[in-house]
Amino acid sequence: MPDREIAGVTVEKAFMSALMVIIGLGLIALGIIMPDAPSDSAVLWGLRISLFFFGLISIIMCPRYRISFRSDAVVINVGFLNLIKVRLDRNKITHVGPKEWNPTKHFGGSGIKGGFGEFKGYMCFNILSGSGIEIKTTEKNYVIEMNEFDRTRVLSIIGEYGRGVEQ
């Protein structure tokens, strides 16, 4: 059977995404234009490379996640360029359900982070809020931010998604 999408959702805060893209493009433009460029060519190229690097990182790591529940896996893409991709084999997934958490208390803030306390062993994909879905696998657990409407829709579509056996 081909790997088809059962349900999918894109999680992003439009203002934050736009801000990160503008910052990234601004850093890249500064690297090209370089007002008051240093006279030493090594310093100039080091500065240009640094500006390009941080500009691209701002665009690549934009706070935007695309979660796709597919027939054989869950795929999480990060940013606009989808260079960071996490693939969770459906045969290793034991549970998918709603979950609430405190981003600061359990993960040290927003972003892609590992948890501590009761969330030790979890990986979090979080922008601002602390509500979404929990995916438990035989190897690692994940929490992914999602608004209430998308969470309800996705969970109703996928039903009993996990195929793995809890150990």
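This is a predicted model: local features need pLDDT of at least 70, side-chain atom pairs count only at pLDDT 80 or more; totals for chains, interfaces and linings use all residues.

At 2% relative accessibility, Phe125 counts as buried. The ring of Phe125 pairs with that of Tyr65: the centres lie 5.6 Å apart and the planes stand at 85°, so the pair is edge-to-face. Tyr65 sits in strand S2 and Phe125 in strand S7 (residues 122–126), so to find both partners you need to look at parts of the chain 60 residues apart. Tyr65 is buried too, with a relative accessible area of 3%.

The structure holds 4 aromatic pairs. Another of them joins Phe107 and Phe119, with ring centres 5.3 Å apart and planes at 55°, so this pair is tilted. Phe107 belongs to helix H3 (residues 103–107), while Phe119 lies in the loop between S6 and S7, 12 residues apart. Both Phe107 and Phe119 are buried. Ring pairs also bring in Tyr122, making a cluster of Phe107, Phe119 and Tyr122.

Here are the two ring pairs side by side.

| Ring pair | Distance between centres | Angle between planes |
|---|---|---|
| Tyr65 and Phe125 | 5.6 Å | 85° |
| Phe107 and Phe119 | 5.3 Å | 55° |

**The sheet**

Next, look for an open sheet of 5 strands, with the order S5-S8-S9-S7-S6 and mixed pairing. Strand S5 (93–100) and strand S6 (111–114) are at its edges; each has a single partner strand, so one side of each is left without a neighbour in the sheet. On average, neighbouring strands are turned by 15° against each other, direction ignored. Within the sheet, strand S8 (residues 131–137) and strand S9 (residues 141–145) pair in the antiparallel sense over 5 bridges. Ile135 has Tyr142 in S9 as its bridge partner.

**A helix across the strands**

Helix H4 (residues 148–158) lies across S5 and S8, and runs at about 155° to S5. Which residues of H4 are buried? They are Asp150, Arg151, Val154 and Ile158. Seen down the axis of H4, these fall within an arc of 100°, so they line one face of the helix. Phe149 and Ser156, on the other side of H4, are exposed. The buried residues pack against strand S1 (5–12), strand S2 (64–70), S5 and S8.

Both ends of H4 deserve a look. After H4 comes Gly159, whose phi is positive, near 60°.

Most residues other than glycine have a negative phi. Against that background, Met34 has a positive phi of about 45°, and Asp36 has one of about 50°. Met34 is placed in the loop between helix H1 (14–33) and helix H2 (41–60), and Asp36 is found in the loop between H1 and H2 as well. Are these residues buried or exposed? Met34 counts as buried, at 8% relative accessibility, whereas Asp36 is exposed, with a relative accessible area of 80%.

Finally, return to strand S2, where you will find Ser68. Ser68 counts as buried, at 5% relative accessibility. The side chains of Ser68 and Glu5 are joined by a polar contact of 2.6 Å. Leaving aside residues up to four places away in sequence, Ser68 touches several others, including Ala7, Gly8 and Val74.

Technical notes
Residues are numbered from 1 along each chain as its sequence is written. Side-chain values use heavy atoms; hydrogens and water are left out. Two strands pair if DSSP finds at least two bridges between them. Helices (H or I, at least four residues) and strands (E, at least two) are DSSP runs, numbered from the N terminus. Axes are lines fitted to C-alpha atoms, for helices over the stretch in contact, and angles run from 0 to 180 degrees between N-to-C directions. Contact means heavy atoms within 4.5 Å. Buried means under 20% relative accessible area, exposed over 50%, partly exposed in between (1.4 Å probe, protein chains only). The arc is that of the directions from the helix axis to the C-beta atoms. A polar contact is a pair of N or O atoms within 3.5 Å; within protein, one must be able to donate a hydrogen and the other to accept it, and residues adjacent in sequence count only if both atoms are side-chain atoms. Rings of Phe, Tyr and Trp (its six-membered ring) pair if their centres lie within 6.5 Å; planes under 30 degrees apart count as stacked, over 60 as edge-to-face and the rest as tilted.
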